[in-house]
Amino acid sequence: MQQNLKRIAGGNWGISQIHRWTLYKTVIERMLAHGSSAWCLNPKFKMKRKLSSIQRPFLLHILRAYRTTPTAELQTILGIPPLHMQLQFEARFTSIYLLRVPLPPIITDTQPHDLEMKATGWSTHPSEHLKPNQISFEDGEAYIDRKGIINIFTDGSKTEHGIGAAFCVLTNDIWAYQWSAKLNDNNTVFQAELTALHEAVIYASHLPNHNTYKIHVDNRASIMASSNSKSTNETARKIFKIPLSNPRIKVSWVKAHAGNIGNERAPTGKRRNTTWATLFTY
C-alpha cells in the first residue's frame, strides 16, 4: 500500500494532497484497523512504536516532506492522530457500544488526567512563603541517618512497561513504609514526580509532629514548582500548602543514581540502579 501511494504521489506531480489524505483515511487506515478491537485495546510501548513506524512513510508521502521531518510534526500538520491512539479509540468504542463488552481493569484510568491542570487566582496570601531551611537544592543534603529525622525518598519513572510514582520511608536503615501507584500511559515523568511528592507530603503531615521529615526528590523541576507560591500547577499548589502549615516537613534535592540508599536500593535490597517507581511498572 505504501508503494502504491508513492506511485500516484510523486515529488512534484500526481494527485493532490487532499486526495492523498482521503486515501489514507478511507483505505489504508481502515486496513490497518482491521480487528483492532481485539489487539489494540491497550497497546504496549513496542506496539506503539511499531504502529508509528508503519504510519510514518504514509505521512511523508501525503505531505511530500523531507525524510528527516519528525513524525509528530507530520501528524500535527496533517491533522492525523498517532495510529495507536486512533486504533485504541476505535477499539474501545467497538467494545463498549457495539460488542457491549466492559473494558478490562488494566486500561481503566486510575489516575486523574488533570495533574498539570492550570489553576487560577491566588494559591496563598503573597506574604506566606516556606522557610529557607525547608527547601534545599544542595546535593549535600542527601540521606543522613540522624535521630529524630525521618527520611522519605520519592521517584517517578517511565519505561516501556508504563509510568509509575512511588515513595519509601527509611528509618534507621529499615524500610518502614512504601507507597506506589501506576499512572496512565499518557502521563509524563514530571507528573509522576509531582504525584509521588504530593503523596509523600500528605503521608508526612499525618505523622507525629515531634520528628523532622526530610523528603528527598531527584527532580529539581518538581521541587521548584511545588515551592513556588505563584505556581499555576494545581498539584504543585496542593504540595506547597502542606509544608507551609507543617514546618517540620523539608524537601531537598538528591542526585539520582549516585549511591544514595533510598534512591538506589530496590524493595528487596537486591536490585541496584532500579528505582522504586520503575519496579512498580513491572
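In this briefing a cavity is a set of points, on a 1 Å grid over the protein atoms alone, where a 1.4 Å probe fits but cannot get out, and its lining residues have an atom within 4 Å of a point. Grid points are joined across faces, edges and corners, and a volume is the space filled by probe spheres set on the points. The structure is a predicted model, in which local features need pLDDT of at least 70 and side-chain atom pairs count only at pLDDT 80 or more, while totals for chains, interfaces and linings use all residues. Residues are numbered from 1 along each chain as its sequence is written, and side-chain values use heavy atoms, with hydrogens and water left out.

**Cavity**

- A search of the whole structure finds one cavity of 30 Å³ or more, and the largest cavity has a volume of about 30 Å³.
- The residues that line the largest cavity are L130, I135, S226, S227, I239, F240, P243 and V251, and α9 gives the most to this lining, with three residues.
- Sorted by class, the lining of the largest cavity holds six nonpolar, two polar and no charged residues, where Ala, Val, Leu, Ile, Met, Phe, Trp, Tyr, Cys and Pro count as nonpolar, Asp, Glu, Lys and Arg as charged, and the others, Gly among them, as polar.

**Overall build and confidence**

- The protein has 11 helices and six strands, taken as DSSP runs numbered from the N terminus (helices are H or I with at least four residues, strands are E with at least two).
- Buried residues make up 44% of the 282 residues in the protein; buried means under 20% relative accessible area, exposed over 50%, and partly exposed in between, with a 1.4 Å probe and protein chains only.
- Of the contacts in the protein with a separation of 6 or more, 68% are between residues 24 or more positions apart, a contact being heavy atoms within 4.5 Å.
- The mean pLDDT of the protein is 78, and 77% of its residues reach 70 or more, pLDDT being the predictor's confidence in each residue, from 0 to 100.
- Confidence is highest in helix α5 (residues 71–78), at a mean of 92, and lowest in helix α11 (residues 276–281), at 42.
- Over residues 265–282 the pLDDT is below 50, although this stretch has 49 contacts in the model beyond near neighbours in sequence.

**Aromatic pairs**

- The structure holds six aromatic pairs, counted for rings of Phe, Tyr and Trp (its six-membered ring) with centres within 6.5 Å; planes under 30 degrees apart count as stacked, over 60 as edge-to-face and the rest as tilted.
- Y24 and F58 form a tilted pair, at 6.1 Å centre to centre and 45° between the planes, and this pair links distant parts of the chain, with Y24 in helix α2 (residues 17–32) and F58 in helix α4 (residues 45–63), 34 residues apart.
- Both Y24 and F58 are buried.
- The pair of F167 and W179 is stacked, because the ring centres are 5.7 Å apart and the planes are at 20°.
- F167 in strand β3 (residues 162–171) and W179 in strand β4 (residues 174–183) are 12 residues apart; F167 is buried at 2% relative accessibility, and W179 is buried at 18%.
- Ring pairs link F167, Y177, W179 and Y203 into a cluster.

**A33 and S36**

- A33 lies in the loop between α2 and α3, is buried at 9% relative accessibility, and touches L87 and E90 when residues up to four places away in sequence are not counted.
- S36 belongs to helix α3 (residues 36–39) and is buried, with a relative accessible area of 6%; leaving aside neighbours within four places in sequence, S36 is in contact with L41, L87 and A91.

- R64, found in the loop between α4 and α5, has a positive phi of about 55° although it is not a glycine, and counts as partly exposed at 32% relative accessibility.
- Most residues other than glycine have a negative phi.
- P247 lies in the loop between α9 (234–245) and β6 (249–253) and is partly exposed, with a relative accessible area of 38%.
- Not counting residues up to four places away in sequence, P247 touches K131 and Q134; P247 and Q134 are 113 residues apart in sequence and 7.1 Å apart in space, C-alpha to C-alpha.

Key
1 Å grid on protein atoms, 1.4 Å probe; cavity = no way out; pocket = protein on both sides within 12 Å on 5 of 7 lines; lining within 4 Å.
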